[in-house]
Amino acid sequence: WEFNGSFYQPSAFLMMGIPGLEALHHWISIPFCALYLIALLGNCMILFIIKKTQSLHEPMYYFLSMLAVTDLGLVLCTLPTTLGIFWFNIRKIGFDACLTQMYFIHILSFIESSVLLAMAFDRFIAISHPLRYPSILTKTTVIKIGLAIILRGMVSLLPIPFLLKRLTYCGKTELSHSFCFHPDIMNLACADIKVNVFYGMIILLSTVGMDFIFIVLSYILIIKTVISLATKEECLKALNTCVSHICAVLIFFIPMIGLSMIHRFGKNIPPLVNTLVAYTYLIIPPALNPIIYSIKSSHIREALFRALRRK
């Protein structure tokens, strides 16, 4: 503990694995290792294929590359602490290291939300304005969108670590997860956290919340366009290009919304449920996204088969 008059700050926090199943952590680590390995190899494969295949140098696949890079970042943020607990029972994490991990986890989550919105916009332009698609989403425009996404995430979350550092902490230093999460750290403080709660809610609603609303609006407009198409075959073909993205949206936003609700309103929810939702939110999307896009995108499948044949 660091003491300065009435100001207390812990030198470290204690992270939690899966409550009630501590004796089985070594066995539980096996599926986690498999998921991490799938996420790392799958997203690296997506990036490699898109880079090496000239025909995939299109806005849709540029955004998919952004999604893969973001998923890799999320995996690398949580992998050391999660496997450190499961393999070696290393529960301790320094205060500043915890804030750094929390900052990058939240930034990458916000970036993933924004990339999914950009992908929805891409599908809307491709289906509603196919002739103008190349002129609207040029390579320069895609780069500008990517930079704006990164800047929005970094700037909006920059005050969060400083808001946590100003708080006084006392008593309990045990986190609910094997990674650092803003509401989790905030709830360990024995000072007034109204500013943290208010700012966290405003940022969440104005970024991830707005992204989700605009994604829904994009699909309403896409459905209106698809309904107006002449034949059933054209309608199904247009909708088929959106299936992968819809799956990615659902597996990202449902656990994220669930985890946010649990931390803010689920005081009586069992810790095990809280933990499982958190792992679903941070590990499942990076592992499933490459599989979904590899299965649904014939262009990625063909490029993968060609690469394997060359090997």
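**Charge, burial and backbone**

Modeller: This is a predicted model.

Biologist: Is Arg310 buried or exposed?

Modeller: A residue counts as exposed when its relative accessible area is over 50%. Arg310 has a relative accessible area of 63%, so Arg310 is exposed.

Biologist: Which element gives the largest share of the positive patch?

Modeller: The patch of positive charge on the surface gathers Lys51, Lys52, Arg306, Arg309 and Arg310. Two or more of its residues come from each of helix H1 (25-52) and helix H12 (298-310). The largest share, three residues, is given by H12.

Biologist: What accessible area do the residues of the nonpolar patch have together?

Modeller: On the surface, a nonpolar patch is formed by Met210, Phe212, Ile213, Phe214, Val216, Leu217 and Ile220. One of its members, Phe214, is found in helix H8 (residues 194-227). Together the residues of this patch have an accessible area of about 570 Å².

Biologist: How is Phe214 classed by its relative accessible area?

Modeller: Buried means under 20% and exposed means over 50%, with partly exposed in between. Phe214 has a relative accessible area of 41%, so its class is partly exposed.

Biologist: Which residues does Ser109 touch, not counting residues up to four places away in sequence?

Modeller: Ser109 lies in helix H3 (residues 95-128). Its relative accessibility is 1%, so Ser109 counts as buried. Leaving out residues up to four places away in sequence, Ser109 touches Leu74, Phe252, Met256, Tyr281 and Leu282.

Biologist: Which residues does Ser244 touch under the rule of not counting residues up to four places away in sequence?

Modeller: Ser244 has its place in helix H10 (residues 243-265). With a relative accessibility of 6%, where buried means under 20%, Ser244 counts as buried. Apart from residues up to four places away in sequence, Ser244 is in contact with Ile292, Tyr293 and Lys296.

Biologist: What is the phi of Asn89, which is not a glycine?

Modeller: Asn89 is placed in the loop between helix H2 (59-88) and strand S4 (92-94). Its relative accessible area is 54%, so Asn89 is exposed. Although Asn89 is not a glycine, its phi is positive, at about 55°.

Notes. Residues numbered from 1 in each chain as written. Predicted model: local features only at pLDDT ≥ 70, side-chain atom pairs only at ≥ 80, totals over all residues. Heavy atoms only, no water. Patch = residues over 30% accessible without salt bridge, like charges linked within 9 Å, V, L, I, M, F, W, Y side chains within 5 Å. Areas by Shrake-Rupley, 256 points an atom, 1.4 Å probe, with all protein chains shown as cover. Salt bridge = Lys/Arg side-chain N within 4 Å of Asp/Glu carboxyl O. Lys, Arg positive; Asp, Glu negative; His and termini not counted. Charge placed at Lys NZ, Arg CZ, Asp CG, Glu CD. Helix = DSSP H or I, 4+ residues; strand = E, 2+ residues; numbered from the N terminus. Buried < 20%, exposed > 50% of the residue type's maximum accessible area, 1.4 Å probe, protein only. Contact = heavy atoms within 4.5 Å.
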